[in-house]
Amino acid sequence: MTQSEPSRLDRIERILEQLALRAETTDQQIARRAELTDQQIASNARAIEANSNALAETRRLLEESGQRTSEHIEDLTQMFFSHVEQADADRAEMRRMIEEMYGNRSNGNGSSEEE
């Protein structure tokens, strides 16, 4: 062998150095990816918690809204039946008044129910 050619041992050492550099680079990449993964996991956990809280609040508001809607329907139903009852009473009063009016007319025309 000549001095200009690297020895087998030199080549092996150079290959080992390259492998060590690659391993170090790979370790750094893995550490960085692990750090990014941890950050993403933490971000996802915060988002899940926020969504969970928003969902709970939405459920609460929906329940309140449903309760208010039920109360409004109940109030409207009561108002409707109250108006129906009042209309029935008004109709009965109108009939009574009309019957009384026609009854008085026929009595005022000379024909009487008593005759």
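Modeller: To start with a pair you can find in the predicted model, Arg96 and Glu100 sit four residues apart, both in helix α1, which is about one turn of the helix.

Colleague: What do the side chains of Arg96 and Glu100 form?

Modeller: Arg96 and Glu100 form a salt bridge, in which the closest N and O atoms are 2.9 Å apart. Glu100 counts as partly exposed because its relative accessibility is 45%, and Arg96 is likewise classed as partly exposed, at 41%.

Colleague: Which other residue does Arg96 meet in a salt bridge?

Modeller: That is Glu93, whose side chain meets that of Arg96 at 2.5 Å, N to O. Glu93 and Arg96 are three residues apart in helix α1, so about one helical turn separates them, and Glu93 is partly exposed at 34% relative accessibility.

Colleague: And Arg91, what does its side chain pair with?

Modeller: Arg91 pairs with Asp88 in a salt bridge of 2.8 Å, N to O, and because these two are three residues apart in helix α1, they too are separated by about one helical turn. Arg91 is partly exposed at 43% relative accessibility, while Asp88 is partly exposed with a relative accessible area of 42%.

Colleague: How many salt bridges does the structure hold, and which residues are linked in a network?

Modeller: The structure holds seven salt bridges, and Glu57, Arg60, Glu64 and Arg68 are linked by such bridges into a network.

Colleague: Switching to aromatics, how many pairs are there?

Modeller: There is one aromatic pair in the structure. The ring centres of Phe80 and Phe81 lie 5.4 Å apart with their planes at 70 degrees, and since an angle over 60 counts as edge-to-face, that is how this pair is described. Phe81 itself is partly exposed, with 47% relative accessibility.

Colleague: Where is the nonpolar patch?

Modeller: The patch lies on the surface and is formed by Met94, Met97, Ile98, Met101 and Tyr102, which together have about 500 Å² of accessible area. Met97 belongs to helix α1, residues 8–108, and is partly exposed at 42% relative accessible area.

Colleague: How much of the chain is buried, and how many helices and strands are there?

Modeller: Of the chain's 115 residues, 1% count as buried, and the chain has one helix and zero strands.

Terms used: Residues numbered from 1 in each chain as written. Predicted model: local features only at pLDDT ≥ 70, side-chain atom pairs only at ≥ 80, totals over all residues. Heavy atoms only, no water. Patch = residues over 30% accessible without salt bridge, like charges linked within 9 Å, V, L, I, M, F, W, Y side chains within 5 Å. Areas by Shrake-Rupley, 256 points an atom, 1.4 Å probe, with all protein chains shown as cover. Salt bridge = Lys/Arg side-chain N within 4 Å of Asp/Glu carboxyl O. Buried < 20%, exposed > 50% of the residue type's maximum accessible area, 1.4 Å probe, protein only. Phe/Tyr/Trp six-rings, centres within 6.5 Å; stacked < 30°, edge-to-face > 60°.
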